[in-house]
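Visitor: Please show me how the features of a structural model should be read.

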Amino acid sequence: MAKITFRIGTNRIMRLSPTRMVVFSFAVIILIGSILLSLPAVSNSGKSIGYLNALFTATSATCVTGLIVADTYTQWNIYGQIIILCLIQAGGLGIITLATFFSALLGRKVSLKGMLLAQESINHFSFEGVVRLVKRVVLVTLAFETLGALILSIRFIPIFGLKGIYMGIFHSITAFCNAGFDLMGGYSGEYSSLTSFNNDPVVIYTIAALIIIGGLGFLVWKDLYEYKKNKSLFLHTKLVLIMTVLLILLGAVFFFVFESNNPLTMGKLNFFEKINASIFHSVTTRTAGYNSVPLNEMQDISKVATVLLMFIGAAPGSTAGGVKITTFGVIVAAIFSQISGSSETVIFRRRVPHYVVNKALSIIGLSAMVVIAVATVILAIEGGSFINIFYEATSAFGTVGLSTGITPTLHSVSKLLLILTMFLGRVGPVSFAIALTLRANKKDMDMVYPEGKVIVG
């Protein structure tokens, strides 16, 4: 794999693979964002929020999570909010994607190494045509965010006045990037997140549509756009679309059944509002972070279902997090193949290579270990309800941002753990593990070991 070499004069500083470069780029933008957000000038109070809380907010924004230690509207002035919005946009698309886009826009030739970086950044199959795809990704993103901002502004202006335009822009970007930051908390709690908009299908379904589109992934957009010409879709696209629809519908039905009679969540809503709230919560658990019902008042069974959906997440190469629906789909298909006695994993009459199944297993296994370990340590530090802490840890890893409200009260060590968890969730546990590996032992890679027998199951 190609390496990216940084030099000052004739001295080599570091040599990074595309995977490491992606991880490094996220770390750099988080560092810059944390320094800016720790400045007193960006807080409404004129006092610094403190570096740890600034680091937490910068990580949450860059990793498009949405977990917060202070209400976004109340804590940050317009400068702080714009910094957060820039971090969300850069984190959603990826700093390498944006750098490639502006380089191409200025007419500069993108090198082979640059194309490899862009390929890694957007999870494309190959680097051929990747620069053209990057330009489309950024332009389509801006187009959807602009359309979403226009629709939301029309609804927000009657409520918030001309500030509704800014509110529309902010929430359109955060929704499309699956970030979940909102500016509703500054209005005496009346519009806390989207809890007062269950009777407003324009707001609810515009934000839900932005979340879904942002979570489909760049490759899926390209494949759908070229469907008229190719008359066929990649297996990846088919799996993403079917799993997306299936999880949204199953989640909506589940939340309607278990929360429609809960007086603390959907019990007081009419039938139409319950439908809206059920669908929206099923969508937002796919790593978006908005909520239209009080999450801390949900029944434990609904919290468990939310944890599962947050862990799965959305599609690869998108603005969303989680282990990804394709990973989950491959594992489900592999299980059914084993049950049916087949040695091959088959999806829609297409064989899935064994290395893909192994990678999916590695991602699921590593991710589960991270979430369980983080939740266990935080529980040991904080005490309290395990389901709420497990909910918070999964939300951080899935870069969702849904919270039962315990994040601001956590100990500094717990916050640091969640910061690391959000970072792992955004760059991916496997990518992070590769980035930490200093070098591959070629001798071991080429060596063929004798087969050993192990009984499992």
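**Reading a buried serine and an exposed patch**

Guide: A polar atom of the Ser172 side chain lies 3.2 Å from the backbone nitrogen of Ala149. This is a predicted model, in which local features need pLDDT of at least 70, side-chain atom pairs count only at pLDDT 80 or more, and totals for chains, interfaces and linings use all residues. Residues are numbered from 1 along each chain as its sequence is written, and side-chain values use heavy atoms, with hydrogens and water left out.

Visitor: Is Ser172 buried or exposed?

Guide: Buried means under 20% relative accessible area, exposed over 50%, and partly exposed in between (1.4 Å probe, protein chains only). Ser172 counts as buried because its relative accessibility is 0%. Ser172 belongs to helix H8 (residues 163-176).

Visitor: Which residues does Ser172 touch, not counting residues up to four places away in sequence?

Guide: Contact means heavy atoms within 4.5 Å. With that exclusion, Ser172 touches Phe144, Glu145, Gly148, Ala149, Leu152 and Leu210.

Visitor: Why is Val253 described as exposed?

Guide: Val253 is exposed because its relative accessible area is 53%. This residue is found in helix H12 (residues 235-259). The C-alpha atoms of Val253 and Ser278 are separated by 7.2 Å, although these residues are 25 residues apart along the chain.

Visitor: Which residues make the nonpolar surface patch?

Guide: Phe24, Val28, Ile32, Leu36 and Leu39 make this patch of about 380 Å². Leu39 lies in the loop between helix H1 (18-37) and helix H2 (51-62). Leu39 counts as partly exposed because its relative accessibility is 39%.

Methods
Patch = residues over 30% accessible without salt bridge, like charges linked within 9 Å, V, L, I, M, F, W, Y side chains within 5 Å. Areas by Shrake-Rupley, 256 points an atom, 1.4 Å probe, with all protein chains shown as cover. Salt bridge = Lys/Arg side-chain N within 4 Å of Asp/Glu carboxyl O. Helix = DSSP H or I, 4+ residues; strand = E, 2+ residues; numbered from the N terminus. Polar contact = N/O pair within 3.5 Å; in protein donor to acceptor, adjacent residues only side chain to side chain.
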